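Let's take a walk through a protein together, one piece at a time. Keep the picture in view as you read.

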Amino acid sequence: MTRTEARRFFKRRRTIAIVIVLVAVVALAVTAATMRPWTLIGRMTASGQLAGQSAGAAQASTRSSARKVDVTTLRAQPVTSGVLNAETRLGATLTYDTASDFAEATGVITQLPVAGKQIGTGEQVYEMDGVPVVLFHGERPFWRTLDTGATDGPDVAQLEQNLAELGYFWGAPDNHFDGYTKEAVRQWQRWSLGLDGDVASGVFQPSSVAVAPAAPIRIKTVAAKLGQTNVSPATYTGVTLHAQATITTGQAATFKAGDKAKVVLPDNTTLDTTLTTVDQGGQSSGASTGPSSGQSTGKDGQATQPSVRIDFPDQTQVAKFGPTAVQIIVPNADASNEETLIVPVTALIASAGDTYAVEVIRGNALERVTVEIGLVANAQVQILKADGLKVGDRVVIS
């Protein structure tokens, strides 16, 4: 082949190659316009992202249902079984009745009583103008001077009753102040008050006595000072101790006077007794009521809490303890001997309506179990129904 023929040959091959490349490019462009591969790639990418999101959600859902927790940080107690201790324990106090004030001293106080001292009929309460003022008892104050010629009245009978107890009046107390009464007063003035001469006249002056509803009494507080006048010398209570405890409105609606009860004393001895009164509490409408009334015992216009009270006819059982803390135990009248599952009250979780649940530790997870509860006592509760709950399971407490 000559040189000229060779050049012509290679030139034809290059032209053919260029044509082939151009045809391929055109074909590729047509294919791309038809198939739109970028849309397919986008779909593939989006599909991959959605698949990833679905997998993540599924994993999250699995974690939520499992409720894995660090159980070492939870406070828990085991489920037990038995007969729930069907009684209510109340923190109570041994105490005296509410304190009262003595009437104001009309003269100068020259001697004061001592707090805590017990004083009986005829014994000195305080001293006024250098003369003893002694204790008399009765339901009414003495308000007038009594002498022969005074009109008959119950205050005369009250005076004669006190003089009779002290051994100065020998007749039967009545409402009439006569010569026998006057002589009894004179002897009392001489030998009890230390008066003599014309001062021991047999005329009774109300200021010579301090009156309490009953005797003996116990001095509670002394707020007056020597030399003062027109002030009450002290407050006083009776000497009888009783047990008293504040209760809830629900308990006040359940308990009633006469219910069986026990009192646990400071030395752990137990006295079998009954509830003397159940006070519903509320707004007091008048003066304090007696212990057997079952009504609010607060002062006029003062709101009081519901409470229970136990009196002790035999004061030797409690006198040695004085005012102190005790416990009152009231058996639950609705109790039964049925054995059930028992959990702490603090394990209960309030659910919709009147239903409850507990959270049970299962390995490293918590399972919420719906329960039906029964009797509640001493911070524990009966579990009457609970699917899957058994003795030994650990329930979370608050």
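Predicted model: local features only at pLDDT ≥ 70, side-chain atom pairs only at ≥ 80, totals over all residues.

Which residue in E9 is the bridge partner of Val134? To find your way, note that residues are numbered from 1 along each chain as its sequence is written.

The partner is Val209. E8 and E9 run parallel and are joined by four bridges. Two strands pair if DSSP finds at least two bridges between them. As a bit of background, strands of a sheet pair through backbone hydrogen bonds, either parallel or antiparallel.

Now zoom out to the sheet. Four strands make an open sheet in the order E5-E7-E8-E9, with mixed pairing. Strand E5 (109-111) and E9 stand at the edges with a single partner strand each, so one side of each has no neighbour in the sheet. From one strand to the next, the twist averages 40°. Helix H3 (residues 154-165) packs on this sheet and touches E8 and E9, and its direction makes about 105° with that of E8. Axes here are lines fitted to C-alpha atoms, for helices over the stretch in contact, and angles run from 0 to 180 degrees between N-to-C directions.

Next, look at some loops. Most residues other than glycine have a negative phi, and most peptide bonds are trans. Asp129, in the loop between strand E7 (124-128) and strand E8 (131-137), has a positive phi near 55°. Asn268 has a positive phi near 70°, and its place is in the loop between strand E13 (260-264) and strand E14 (270-274). Are these two buried or exposed? Buried means under 20% relative accessible area, exposed over 50%, and partly exposed in between (1.4 Å probe, protein chains only). Asp129 is exposed because its relative accessible area is 51%, and Asn268 is exposed at 64%. In another loop, between strand E9 (209-212) and strand E10 (217-221), sits Pro216; the peptide bond from Ala215 to Pro216 is cis, with omega near 5°.

Ala234 lies in the loop between E10 and strand E11 (235-238). With a relative accessible area of 3%, Ala234 is buried. Leaving aside neighbours within four places in sequence, Ala234 has contacts that include Ser100, Phe102 and Ile219. Ala234 and Leu112 are 122 residues apart in sequence, yet their C-alpha atoms are 8.2 Å apart in space.

Finally, the whole protein: it has five helices and 25 strands, and of its 398 residues, 34% count as buried.

Technical notes. Heavy atoms only, no water. Helix = DSSP H or I, 4+ residues; strand = E, 2+ residues; numbered from the N terminus. Contact = heavy atoms within 4.5 Å.
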